[in-house]
Amino acid sequence: MVDIASEVDAVRRMVGGRATLTGQDRTVLLQRAFPEPVAEVWAACTDPDRLRAWFLPVTGDLRVGGKYQLEGNAGGEIRRCEPPHLLTLSWVFGESTTELELRLSEDSAGGTVLDLEHAVAVDEHWAEFGPGAVGVGWDLAVLGLGRHLRGEPITDPVAWQSSPEAREFVTRAGMSWGNAHALSGASALDAAAAAARTTAAYAP
């Protein structure tokens, strides 16, 4: 059994913004600490065989300037790679192109602090779902990473997605993103409504 409340609470969620050439993007940031050293977390996040075990199969020219493709999901270009601390990717999903950055740093106990930041456009999708549409998906990925690192993988992801545990996880994570949205300056009513729509989309 997964302690869902502890898993959700282990992640710090922040919503920010930054100026781009095309306007103002919003940033969705997840931060989580792992007891494993930086090199181990980096390998889990960048080695194709390990990515397949907890996330998705990846193919392509896996070097700076090369293209990658996640099976059934996003693709894009590898823009920066500074092992074992920094990976920046373009994230192309459908008609949308955004930017994803993974940063790893060592904590005082020799473990790893992971920062996963996804910059997204302020558009109709954001207006409807807020940060949770992106954030909850990355929450699920970070959950899978943590279990992989502990040697406790989700052995049947399809079955798990329809389980009561998954529903509780998505609901709690969605509410947490609603709180982060409100703290970023959104009205509490709008943030709560967007979080509810996100939760309904992930766990109908």
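Helix α5 (residues 132–150) is mostly covered, with 15 of its 19 residues buried; here buried means under 20% relative accessible area, exposed means over 50%, and partly exposed lies in between (1.4 Å probe, protein chains only). Helices (H or I, at least four residues) and strands (E, at least two) are DSSP runs, numbered from the N terminus. The model is a predicted one, in which local features need pLDDT of at least 70 and side-chain atom pairs count only at pLDDT 80 or more, while totals for chains, interfaces and linings use all residues. Residues are numbered from 1 along each chain as its sequence is written, and side-chain values use heavy atoms, with hydrogens and water left out.

The length of α5 fits its residue count: at 1.5 Å a residue, the 19 residues should span 27 Å, and the end C-alpha atoms are 26 Å apart, which agrees. The expected span is 1.5 Å times one less than the number of residues in the helix. Just after α5, Gly151 adopts a positive phi of about 75°.

Turning to the strands, β8 (residues 112–121) is also mostly covered, as nine of its 10 residues are buried. Strand β7 (residues 96–106) runs antiparallel to β8, and eight bridges join them; two strands pair if DSSP finds at least two bridges between them. Leu102 stands opposite Leu116 in β8. Five residues lie between the strands of this hairpin, where Gly110 has a positive phi near 90°.

What of the charged side chains? A salt bridge is a side-chain nitrogen of Lys or Arg within 4 Å of a carboxyl oxygen of Asp or Glu, and the count comes to 11 salt bridges. In one of them, the closest N and O atoms of Glu99 and Arg79 are 2.7 Å apart. Glu99 lies in β7 and Arg79 in strand β5 (residues 75–82), so this pair ties together parts that are 20 residues apart in sequence. Glu168 and Arg172 meet at 2.9 Å, N to O; both lie in helix α7 (residues 164–183), four residues apart, about one turn of the helix. Glu7, Arg32, Arg150 and Glu152 are linked in a network of salt bridges, in which the closest N and O atoms of Glu152 and Arg150 are 3.3 Å apart.

With a disulfide taken as a pair of cysteine sulfur atoms within 2.5 Å, the count comes to zero. The sulfur of Cys81 is 12 Å from the closest cysteine sulfur, in Cys45, too far for a bond. Cys45 counts as buried at 13% relative accessibility, whereas Cys81 counts as partly exposed at 33%.
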